[in-house]
Amino acid sequence: MADVRIGNVVMARSPGALSIDGYQLVTSAFREGEYLRIVGGKIVTSPCDGGGVGCIIHVAMAADILPASLPSSPQSLSIVLEETQIPVS
Amino acid sequence: MYFALDVTSRQALYDSLIDAMGQCGMNPQVLARTDDYIVFTFNRSPKVFRLAVWPWDRLVPSFFFGDSHTGGGNLENIRYVLWDVPTDVTWESWYFIANEDACAIVVKAGAFRYATIAWASYGTDSKPLVFAISNSGKTSAYDANGQAIALAAPYRGLYLIKTTDGGYYYSAPVIGTASTGELLFASANGIKWLCRDGSAISGLEIYGNDIVGTAGNIYYPYSYTLPPLLFPNAATWEP
């Protein structure tokens, strides 16, 4: 199980990759002029140890769903990934 | 539980949907039905729903809900859940699936077009949630108060998250946000996202105890792509 827990709020206004605790959060789908709000960013454990695509967590959804003006109240989010029964094809 | 619905006629389709809901202990009540639509309630939501199938020769679905049925298939405070589905393809495969907390109508047109109309809930008091996602028609999601919301995934299908041995995909919670971007819920009951490429539109797939529903687009407040839906234990759950 990968336990992705959120601590600090990170905001950016341009596309690119953020590196938090050595793990890359890819923001390739970030749209110009929109805020990306990553609520948190401390990866306690990771589902893999060898790098590569298995360690990348895509957070572009945050840019997709958030309006250009951020809500004033802070948000927190705890994301727990769980292994399924569905085999990798 | 899951059911392949009878598509030999519209009335057979409506009958088999209501029968499937009944077998799932959902106490469906039909308020109105014609060849073109059926209006019903069931115990997974306090709302009134209308499923329309037109044109019949292509089994094209559309789906709405409201607060009450005012007669003639009309709904008070109608909201559009699934609409503008392409009519140039035949939606020939219909399924109903359910687990303890969620259920869905999955519709397929050939190998490339899918739509999932789903009910789930969020919060400890099981607030009802209704939504649809599709790689074809327009879709939306609504919270327990009937307000349009956005569903979000912490993962968007462009990269594979897998175990070190590459054995199994991960699942992620379904997140709901208001149109203002504020977090409504950090997980929904009975549904998850399958951390698999969004382009691998699934439709309906069964793996052990679990069922995978469609991936696709949602249109509010922006159009964006969601990964495939996972219904844990839906293949084996019984009421």
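Author: Happy to, and keep in mind that this is a predicted model.

Reader: What makes E3(B) and E4(B) a strand pair?

Author: Pairing asks for at least two bridges. Five bridges join E3(B) to E4(B), residues 45-53, so the pair qualifies. The two strands run antiparallel, and Val39(B) stands opposite Arg50(B). A hairpin of two residues links E3(B) to E4(B).

Reader: How do you know that E2(B) pairs with E3(B)?

Author: By the bridge count again: there are four between E2(B), residues 29-33, and E3(B), residues 37-42. The cut-off is at least two, so they pair, and the sense is antiparallel. Gln29(B), for instance, has Thr41(B) as its bridge partner in E3(B).

Reader: Why are E2 and E13 of chain B called edge strands?

Author: The order in chain B is E2-E3-E4-E5-E8-E13, an open sheet of six strands with antiparallel pairing. E2 and E13 (138-139) of chain B each pair on one side only. As for what holds such neighbours together, strands of a sheet pair through backbone hydrogen bonds.

Reader: What makes you say that helix H1 of chain B packs on the sheet, and which strands does it touch?

Author: H1, residues 10-23 of chain B, touches E2, E3 and E4 of chain B. A touch here rests on C-beta atoms within 7 Å. The direction of H1(B) makes about 5° with that of E3(B).

Reader: How many helices and strands does chain B have?

Author: One helix and 24 strands.

Reader: What share of chain B is called buried, and why?

Author: The share is 51% of the 239 residues. Those residues are called buried because each has 20 or more other C-beta atoms within 10 Å of its own. On contacts, among those in chain B with a separation of 6 or more, 50% come from residues 24 or more positions apart.

How values were computed. Residues numbered from 1 in each chain as written. Chains lettered and ligands numbered in written order. Predicted model: local features only at pLDDT ≥ 70, side-chain atom pairs only at ≥ 80, totals over all residues. Contact = placed C-beta atoms within 7 Å. Axes fitted to C-alpha atoms, helices over the stretch in contact; angles between N-to-C directions. Buried ≥ 20, exposed ≤ 12 C-beta atoms within 10 Å, placed from the backbone.
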